[in-house]
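Here is a friendly briefing to read alongside the model. Have the viewer open and follow the topics in order.

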Amino acid sequence: MEARRAESDHWHLFLAFTPMSIRVRGPNGKLSSLSYQNDSLQITNGSTTTVPLRQVLGAKRASRSFELSYLRRSKTMGLETLTGILPDEVTDDVADAWIETLLQMAYEGMGVSRQRRLKVVINPHGGTKKAVGIFKKSVEPIFLAAECTLDVVHTTRPGHAYDIGKDLSLTDYDAIAILSGDGLVHEILNGLAHNLHPIKALATPLAPIPTGTGNGLSLNILGFDDGFDVGVAALNAVKGLPMKVDLCSVTQNGKRTISFMSQAMGLMADLDIGTEHLRWMGEARFSYGFLRGCGLFVSLQALGSNADPPVIKMKPSPLRILIKEYESDKEKMFEALQQRKKNPPAATKPAEADLESTQLPTLKYALDDEEGWTVVQEPLLYLFAGKGPYVGRHVYLSTQSLLSTLFRDYMSFPVSLPDDGLLDIVLQTTNVSRVELLRNQSAAPKGLVYWHPSVRYVKAHAYRVKPLASKGALAVDGEIFPFEEFQVEAHSKLGCFLSPFGYYAAPFERHTY
Ligand SMILES: Nc1ncnc2c1ncn2[C@@H]1O[C@H](COP(=O)(O)OP(=O)(O)OP(=O)(O)O)[C@@H](O)[C@H]1O
């Protein structure tokens, strides 16, 4: 206690003697004035640029040369470097004190350690295969400006990221930055789950940098506007704070798989499954899957008209579903979301004993347990379950042209909370027409489908699905799984993502259908 007080006194004395501003002469001979105030840095040389301290990456002096690195937001977040010579009035001591104060405010003052040690995993094959170039051009310079230590690996085959997680040293890295889509995150998490100390391994914070086809995790962490901005994602790897998140175990045929995002059956699984060979289509691949899944012959004119949509019943998915339900009142779940956003909890570390454990948490629910489980009676078009509001898949159908079909930003679980220990389940009943279903997709980025009366939405500890037909599709985090019986349960706070906010960044409002 005494030591901490002395440290704080020392810091206040240091602050009192540090000037608020210094000047730097740029290569063009002009002087820039740099000053920090509250939570921003002001750079004045004719006009004034205000840089939030969170976007300040580094500052250093070598003899009389000075360099400042920060991120500036124009259309996207990009790296800026200000270099110059310190004028005589700014002594070395003054410059060093000013730099130290700035960095203290920009890092420790925000609860972040400087010079993070990052394991960087890049999938050269993901999405449109641009990850390597994006890393070199836009991400690595940000990490280096922040003086991070980098250990970069390019995955060379499917399964490589699993091995990286399995063999990861748990003392050498502060976080894992992943340049890929959700598929590689799934692989790394499953590798970590097979690490010698799985609970400790899964507590390693992950920071996705979106360079895949499906980037739902980036959207959840960074939000709708910034979810595909690699500069914002790189900043999150440097400055994000650990946010504990629930992970799920999917048990099928005695095999246990970790799922961080979604399990889809029926129509929604068609988005991923059977479209692998269409990777060249980019995001349009998922639109194709959706249209194929609900029958291609939908009249786009009908989508644009105000006439009552024709009711064309679709074939229900043949599934027996049991749910260990926690809540199904949409209003109550919406209210819990508002409360959680107001009070994000501080990240906690797993208990010491758990960190040393060589086992994953034991499963709570037996595979044949039926007591207290609800059996879903309604015929369903699809079941979609998971964690995190966005699942990175969205059909938006223009009423004018199929060419403007987009497919991303699907907010499927708008009231999902990172750490309530529950998974969210969407049960799309067949009480909806094809046209309505497609119309609903245009509300998907905002998650408004949640309020549609044909959607049953449940928060659950666990659920079990038994397919009643041999043909069908199951996708776990977008990966193909056998269409066979499986059970899923949530594990409270087993995983960890770096986050700028401490909650999922997905604005969600009430809506009336
Ligand atoms: N060098 C490689 N060559 C081929 N496949 C690879 C390679 N490295 C990783 N993979 C595989 O690529 C798959 C897709 O990964 P990722 O999520 O990064 O991209 P994506 O385009 O978003 O994929 P998805 O469409 O499945 O979400 C992973 O399942 C992974 O096993």
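**Around the ligand**

The largest share of the shell around the ligand, four residues, is supplied by helix H5 (residues 182–192). Helices here are DSSP runs of H or I with at least four residues, strands are runs of E with at least two, and both are numbered from the N terminus. This is a predicted model, in which local features need pLDDT of at least 70 and side-chain atom pairs count only at pLDDT 80 or more, while totals for chains, interfaces and linings use all residues. Residues are numbered from 1 along each chain as its sequence is written.

- The ligand is surrounded by 20 residues, and the closest are Gly-126, Ser-180, Gly-181, Gly-183 and Gly-212. A residue is near a molecule or strand if its C-beta atom, placed from the backbone, lies within 6 Å of it.
- Sorted by class, the ligand shell has 14 polar, three nonpolar and three charged residues. Nonpolar covers Ala, Val, Leu, Ile, Met, Phe, Trp, Tyr, Cys and Pro; charged covers Asp, Glu, Lys and Arg; the others, Gly among them, count as polar.
- H5 is largely enclosed by the rest of the structure, because 11 of its 11 residues are buried. Buried means that 20 or more other C-beta atoms lie within 10 Å of the residue's own, exposed means 12 or fewer, and partly exposed is in between, with C-beta atoms placed from the backbone.
- Among the buried residues of H5 are Asp-182, Gly-183, His-186, Glu-187 and Asn-190.

**The protein as a whole**

- The protein has 13 helices and 22 strands.
- Of the 513 residues in the protein, 44% are buried.
- Take the contacts between residues at least 6 apart in sequence: 76% of them join residues at least 24 apart. Two residues are in contact if their C-beta atoms, placed from the backbone, lie within 7 Å.

**The annotated domain**

- UniProt, in an unreviewed entry, lists residues 113–254 as "domain: DAGKc". UniProt positions are given in the numbering used here, feature names are shortened, and annotations may be inferred rather than shown by experiment.
- Across residues 113–254 the chain is 39% helix and 25% strand, with 42 Å between the end C-alpha atoms.

**Helices H3 and H8**

- Helix H3 (residues 131–145) packs against helix H8 (residues 230–239) at an angle of about 35°, and their axes are 9 Å apart. Axes are lines fitted to C-alpha atoms, for helices over the stretch in contact, and angles run from 0 to 180 degrees between N-to-C directions.
- The contact uses Ile-134, Ser-138, Val-139, Ile-142 and Phe-143 from H3, and Val-230, Gly-231, Ala-234, Leu-235 and Val-238 from H8.
- H8 has 10 of its 10 residues buried, so it is largely enclosed by the rest of the structure. Lys-239 and Asn-236 are among those buried residues.

**Loops and backbone angles**

- Most residues other than glycine have a negative phi.
- Gln-115, although not a glycine, has a positive phi of about 55°. The residue sits in the loop between helix H2 (92–106) and strand E8 (117–122), and counts as partly exposed because it has 13 C-beta neighbours inside 10 Å.
- Glu-147 is not a glycine either, yet has a positive phi of about 55°. This residue lies in the loop between H3 and strand E9 (149–154) and is partly exposed, with 15 other C-beta atoms within 10 Å.
- Arg-114 is in the loop between H2 and E8. Leaving aside neighbours within four places in sequence, Arg-114 is in contact with Leu-103, Tyr-107 and Glu-147.
- Ala-203 belongs to the loop between helix H6 (198–202) and strand E11 (206–210), and counts as buried because it has 21 C-beta neighbours inside 10 Å. Not counting residues up to four places away in sequence, Ala-203 touches Lys-349, Pro-350 and Cys-496.

**A strand residue to look up**

- Ser-32 is found in strand E2 (residues 31–37) and is partly exposed, with 18 C-beta neighbours inside 10 Å.
- Beyond its neighbours within four places in sequence, the contacts of Ser-32 include Arg-23, Ile-43, Asn-45 and Leu-82.
- Ser-32 and Gln-487 are 455 residues apart along the chain, and their C-alpha atoms are separated by 62 Å.
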